[in-house]
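Open the model in your viewer and keep the selection tool at hand. The tour goes stop by stop.

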Amino acid sequence: MNGLNLPPYAIKVREKDGRRQIFDFLRRKYVALTPEEWVRQHFVHYLVEQKGYPRGLVGNEIEVRVGEKRLRCDTVVYDRQLQPLMIVEYKAPDIELSERVIDQVMAYNALLRVGWLVVSNGREHRCCRLEYEKKEYSYVRNIPDYEEL
């Protein structure tokens, strides 16, 4: 599970009951090590360590409910008033970032209405800025620093 387009970090991996696990420093526990989780852990470390995202304002596996509809966002970034700012959706490194993947994160955003959407497979990252007042969206080249959100 190497070859990501993300900086390395001090990874904590263990084996328990015959299964590999990776430590999620946001949830403060070991979770199943899947290719998608490998990408998530590298990406959240990148956000916190390189882009200045406050650790306490980034959450993994966030459940969103509207009525009886439930969705689980891979990562949600909040502002200092705990309002959602960004949704990040992860895919395994071998999964292409297709329109279907973009549509999935757009469905989550119909509930949260954040200003930023990101999709990453660890090798490629797509970041979209949404401007509701103008009814426009645009892709940006780089993931913004937290203070730019």
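Is Cys127 buried or exposed? Select Cys127: its relative accessibility is 1%, so Cys127 counts as buried. Buried means under 20% relative accessible area, exposed means over 50%, and partly exposed lies in between, with a 1.4 Å probe and protein chains only.

Before moving on, note that this is a predicted model, in which local features need pLDDT of at least 70, side-chain atom pairs count only at pLDDT 80 or more, and totals for chains, interfaces and linings use all residues. Residues are numbered from 1 along each chain as its sequence is written, and side-chain values use heavy atoms, with hydrogens and water left out.

**The cysteine pair**

A disulfide here is a pair of cysteine sulfur atoms within 2.5 Å. Searching the whole structure turns up zero disulfides.

**The open sheet**

Now select β1, β2 and β3. Helices (H or I, at least four residues) and strands (E, at least two) are DSSP runs, numbered from the N terminus. Two strands pair if DSSP finds at least two bridges between them. These three strands make an open sheet, ordered β1-β2-β3, with antiparallel pairing. β1 (13–16) and β3 (29–32) are the edges; each has a single partner strand, so one side of each lacks a neighbour in the sheet. From one strand to the next, the twist averages 45°.

Look between β2 (residues 19–24) and β3: four bridges join them. Pick Ile22, and you will find its bridge partner in β3, Val31. Next, show helix α1 (residues 35–51), which packs on the sheet and touches β2 and β3. Contact means heavy atoms within 4.5 Å. The direction of α1 makes about 20° with that of β2. Axes are lines fitted to C-alpha atoms, for helices over the stretch in contact, and angles run from 0 to 180 degrees between N-to-C directions.

**The largest nonpolar core**

Which residues touch the most other members of this core? Select Phe43, Tyr53 and Ile143; the core has 43 residues. A nonpolar core is a set of buried Ala, Val, Leu, Ile, Met, Phe, Trp, Tyr and Cys residues joined through side-chain atoms within 4.5 Å. α1 gives the most to this core, six residues. In soluble globular proteins, nonpolar side chains tend to be buried together. Zoom in on Tyr53: its contacts include Leu47, Val77, Met86 and Ile143.

Select β6. Six of its seven residues are buried. β5 and β6 pair in the antiparallel sense over four bridges, and Thr75 has Val88 in β6 as its bridge partner. These two strands form a hairpin with five residues between them. In the turn, Leu82 has a positive phi of about 65°.

Stay on Val88. Its bridge partner in β7 is Val118. β6 and β7 pair in the parallel sense over five bridges.

**Last stop: Tyr132**

Select Tyr132, in the loop between β8 and β9 (136–140). Tyr132 is partly exposed at 27% relative accessibility. Its contacts include Asn109, Arg113 and Val114.

Conventions:
Lists of a residue's contacts leave out its neighbours within four places in sequence.
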